[in-house]
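Subject: Structure handover

Hi,

Here is the structure I promised to pass on. Please open it before you read further.

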Amino acid sequence: MIDAHENAAKRGRQAYNFAYLDEQSKRMIRRCILKAMAVPGLQVPFGSREMPLAYGWGTGGIQVTASVIGPNDTLKVIDQGADDATNAVSIRRFFKRVAGIETTEKTGAATIIQTRHRLPETPLREGQVIVYQVPSPEPLRSLEPRESETRKMHAYAEYGLMSVQLYEDIARFGHIATAHSYPVMTNGRYLMSPSPIPKFDNPKVGDSPAIQLYGAGREKRIYAVPPYTRVQNLDFEDHPFRVQKWRQCCSLCGASDSYLDEIVVNDSGSRMFVCSDTDYCATRRDQGHVGPEGDSQAAFGSLPSSKPEKGSEPR
Amino acid sequence: MAYVAVKGGEQAILNSHRLVAEDRRGDPEVPALNVSQIAEQLGLAVDRVMCEGSVYDRELAALALKQAQGDAVEAIFLLRAFRTTLPRVGVSKPIDTDRMAIQRRISATFKDVPGGQVLGSTYEYTHRLLDFDLLDNAEAEVTRAELAATPLDANCPRAFDSISDEGLIEAEAPAPEEASVFDLTREPMALPAGRDQRLQNLARGDEGFVVGLAYSALRGYGAAHPYVGETRVGDVAIEVVPEELGFPVSIGDITVTECQMLDLFAGSDDEPARFTRGYGLSFGKSERKAMGMAIVDRSLRSREYGEDVKYPAQDEEFVLSHTDNLEAAGFVSHLTLPHYVDFQGDLQFIRQLREEQAGSRSTKEAAE
């Protein structure tokens, strides 16, 4: 019986290549990435593979990561800014298991950062790659559901419809009603969805020293923003682009420059606000910054702990 | 060839039944499955059959699955055909999902919520790598999960209750009078449908179709931009009020999956901006179904909110007429029945048309 177990386990390991995907698939994806880097903001169709993760859960990001990762890379995975969110933990475990690479929770220590819905607060640097998980790559989709039409609109740079939509928002609500996936013009040519990051993060997308890769597995598209590329948020002269602001600072670390999550703390509806970027918050607290409720974190399971475990999950 | 002839037809049917039995049994060298194995080890298939078959009975659903060679739609058919023979004993009180023995409870709206997030049993964070250990029929490993030190709150509040109080979420409609609830199993569909009828229709509707419609709404063929306010799985008590007693008595527990979707509504001239609700409920652990149902439910409320009805998922008549997989499968499969007579009629007609068209072409050519 033990032999049977060992055989099965061996078969399991040998059945999968380094970083899961076979080499031909990786090569196909790398070619698409090169094309995407050459034409910033262009959505390059790719032969998305079935991954051992549900579509919509980051299959595009995982395929891009699997194609660019090497044995010497250090991977960080965040979900909504958090390293300890279930999806981030799961994807990190996946790569530890199928690639045996180092993982980290430190933004500065990572060579590849895979992300869902956030950019780290800590500025990225040259040599880093950030891989976005993209659910809906097509910025025009909400205006025109047919792919055959949106492709023509991109080909002719026919983006008037988006300006009309933003204008209609202003006419109805007094301001542009898009809080995330805020559309951008990339390198002056392609309208691009920066993925559902809050518009708070949009300013970090332009002129970034890091390589930004966007993978949409379900919709089978890859696009990219190469380092130091101009990325412009759509707006109007009299209604300039603005990011979200909070009246509060982070309850745990006191940061007033980070994106904050609202947390319901009891049945009577009391709230606290904490950094969504767990690494940023923990680093600040390690440096001695304390917010107004810096010592009450123990009561809440999902709040960032100040002692990040560094890649200590079992393989 | 001769399946229409009476004698030959009878023989063909008998042989077909024997073939079905043979296919179902498979290789006689392999031990036969028993119903309790299916009920225990193919639990999610059983849950789907119970939900769309609208009979909460694990044993019968497992039996149906065994008989149907695991084909869910065929098993649902068997169960519904049995269900129709059962007398209606009474109507229970509405189940109270606030008082649920929770196995799983997820909210995607707030990072932490009173009562906590409970991951429960889910495939979501498993990596879909084939587990070759299962090939060998090895001794069961110790798979028991560790128990928490303290039990969960028996009255776990809604994850989004706190913002409901601010009026940011539309109020829940009060439960209707028992007598007034539409019963889709006894009455024909009536359009425009009330929400009770719509929810019954979706609960019994084909999981694949409902999820596909929900997907279309999310992808752009609809206005949906929902958040999972809360999805919870757990056991609830079924209570009935016997006439002679006049107070509710619990007759047992069932497992259900409930989903409340919150959808952004930007407001209209009469109504302020807020989150609106979509609702899904299914028997057993059928989260995909409950979530799809909640999204389609909200899509179908488009008219209520003065939104343009442009897409299939928003069109009540389109959706409600096509959800039922027995109706759909039955009508598609009826095409295997003989259509000699109709076909002969159409054939005649086409020949006639072609003759006339040929005639008119030649007169046209002559005129030119």
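Below is what was found in it, topic by topic.

First, the ground rules. This is a predicted model, where local features need pLDDT of at least 70, side-chain atom pairs count only at pLDDT 80 or more, and totals for chains, interfaces and linings use all residues. Residues are numbered from 1 along each chain as its sequence is written, chains are lettered from A and ligands numbered from 1 in the order in which they are written, and side-chain values use heavy atoms, with hydrogens and water left out.

**Sheet in chain B**

Four strands of chain B form an open sheet, in the order β1-β2-β3-β4, with antiparallel pairing. Helices (H or I, at least four residues) and strands (E, at least two) are DSSP runs, numbered from the N terminus. Two strands pair if DSSP finds at least two bridges between them. In general, strands of a sheet pair through backbone hydrogen bonds, either parallel or antiparallel. The edges are β1 (101-106) and β4 (274-283) of chain B, and each pairs on one side only. Neighbouring strands here are turned by 20° against each other on average, direction ignored. Such angles run from 0 to 180 degrees between N-to-C directions, and the axes are lines fitted to C-alpha atoms, for helices over the stretch in contact.

Strand β1(B) pairs with β2 (residues 226-240) of chain B over 5 bridges. Look for B:Ile102: its bridge partner in β2(B) is B:Gly234. Helix α9 (residues 287-299) of chain B lies across β1, β2, β3 (249-265) and β4 of that chain, at about 140° to β4(B). Contact means heavy atoms within 4.5 Å.

**Sheet in chain A**

Chain A has an open sheet of 3 strands, in the order β7-β6-β10, with antiparallel pairing. Its edge strands are β7 (190-192) and β10 (231-233). Strand β6 (residues 184-186) of chain A is joined to β10(A) by 3 bridges. A:Val184 stands opposite A:Asn233 there.

**Where the chains meet**

In this interface, 31 residues of chain B are in contact with 44 residues of chain A. The two chains bury about 3200 Å² between them, 56% of it on carbon and sulfur atoms. Buried area is the accessible area (1.4 Å probe) that two parts lose on being put together, summed over both. In chain B, the most area is lost by B:Lys111, B:His127 and B:Leu129, together 23% of what that side buries.

Most residues other than glycine have a negative phi, and most peptide bonds are trans. Which residue has a positive phi although it is not a glycine? A:Ser195 does, at about 70°. A:Ser195 lies in the loop between β7 and α7 (202-205) of chain A. In chain B, the peptide bond from B:Leu191 to B:Pro192 is cis, with omega near -5°. B:Pro192 sits in the loop between α6 (161-164) and α7 (195-204) of chain B.

Over to you.
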